[in-house]
Amino acid sequence: MSVQENHQLSGDFDKVRDDIMAILKMKDYDDGSIGPVLVRLAWHSSGTYCKETDTGGSNGAGMRYESEGGDPANAGLQHARTFLEPIKEKHPWITYADLWTLAGCVAIKAMGGPDVPWKAGRSDFADESLNPPRGRLPDGAQAADHLRHIFYRMGFNDQEIVALSGAHNLGRCHTDRSGFDGAWVVQPTRFSNQYYKLLMKLDWQKKKLSNESAEKGASWQWVAQAPGADEDEPPLMMLPTDHSLIEDDSFRPWVEKYAEDRDAFFKDFSAVFAKLVELGVYRGEDGIARFSHLEKGKYDS
Ligand code: CCH
């Protein structure tokens, strides 16, 4: 099996971290930071993992190819990949698979979040033959049973699903990407446990979305006015999947816990994000992750 030649363990990762930090603030982009979309890139590159077949995950950086990069579930992530391109050019020894996952971890920390332990060693696929099939990432229009279906496949439990969902403290939905519209919290470039607090506290109402959104599979979402906001300010939002966390008897106690205990959320988020970016990454004794555990046939079904 051919993989790209890589020397990723010999480079200076601290310099890469510094260079990622240096590009995070971007005045004209969204809320002034590319941090949230970098976190989403790290997550979507990892979230294709399937425990049973041991396929997918961040190793390989398959999103460089159309079958994964062109998946409507990944709409908008081409911007994140383009933002990181100058860093790849400056440090050509790093693999895309390492760069994308590292960038997510660096962004979380830079936005006020916890340290996420990160290890190097991923390789890049030389072609797209090992890419996972589409349809493995979650659909925000669905509910708790769908979240379980998707995240149990990766090997996560209910507590971990709720902790991971707290990443929606960051960033926003874009009508031209997912069809959903708006931010979850008032300060979407500041990592915090506001997402859980607002889920519990605000009076969420269902709002129908435009035909353009409905065509992307987003026909409605939850909205609520931020506390103290003027009526003409755009409301905060929750996806149907986000709101399902407080409708479900097993998820809800974790939402309550993380709303009350910021430190517990930070600790649990750090652990679960570290687990996410490690899914399917098996290193040899030299520290380099191989694809030897993958067999092409596993993707056929
Ligand atoms: Fe998410 N997410 N996500 N999400 N997500 C979206 C945006 C972000 C779902 C759907 C959406 C996680 C889990 C889920 C981020 C991190 C994580 C959007 C808007 C949708 C839709 C995309 C757009 O329009 O640009 C669903 C469903 C799930 C199910 O659980 C997890 C897990 C993480 C990370 C740990 C981040 C960050 C964003 C903001 C991106 C941006 O561009 O601002």
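Helices (H or I, at least four residues) and strands (E, at least two) are DSSP runs, numbered from the N terminus.

A word on the model itself. The structure is predicted, with local features needing pLDDT of at least 70 and side-chain atom pairs counting only at pLDDT 80 or more, while totals for chains, interfaces and linings use all residues. Residues are numbered from 1 along each chain as its sequence is written.

Take α6, whose axis runs 8 Å from that of α10 at an angle of about 105 degrees; axes are lines fitted to C-alpha atoms, for helices over the stretch in contact, and angles run from 0 to 180 degrees between N-to-C directions. The two helices, α6 and α10, are therefore roughly perpendicular (65 to 115 degrees; under 35 is roughly parallel, over 145 roughly antiparallel, and the rest oblique). Ala144, His146 and Leu147 of α6 meet Thr241, Ser244 and Glu247 of α10, contact being C-beta atoms, placed from the backbone, within 7 Å. Sorted by class, this α6 contact with α10 holds two nonpolar, three polar and one charged residues. Nonpolar means Ala, Val, Leu, Ile, Met, Phe, Trp, Tyr, Cys and Pro, charged means Asp, Glu, Lys and Arg, and the others, Gly among them, are polar.

Zooming out, the chain splits into domain 1 (13-137 + 274-299) and domain 2 (144-269), with bounds from an automatic or database domain assignment. Their C-alpha centres sit 23 Å apart. Across the divide, 23 residues of domain 1 are in contact with 19 of domain 2. On the domain 1 side, helix α2 (residues 35-46) gives the most, six residues, and that side comprises twelve nonpolar, seven polar and four charged residues.

Then there is the ligand. Both domains give residues to the shell around the ligand, so the ligand lies between them. The shell has 25 residues, the closest being Pro36, Ala167, Gly171, Arg177 and Ser178; a residue is near if its C-beta atom, placed from the backbone, lies within 6 Å. Elements giving two or more residues are α2, α7 (158-165) and β1 (172-173), and α2 supplies the largest share, five. By class, the shell divides into 13 nonpolar, eight polar and four charged residues.

Methods:
Contact = placed C-beta atoms within 7 Å.
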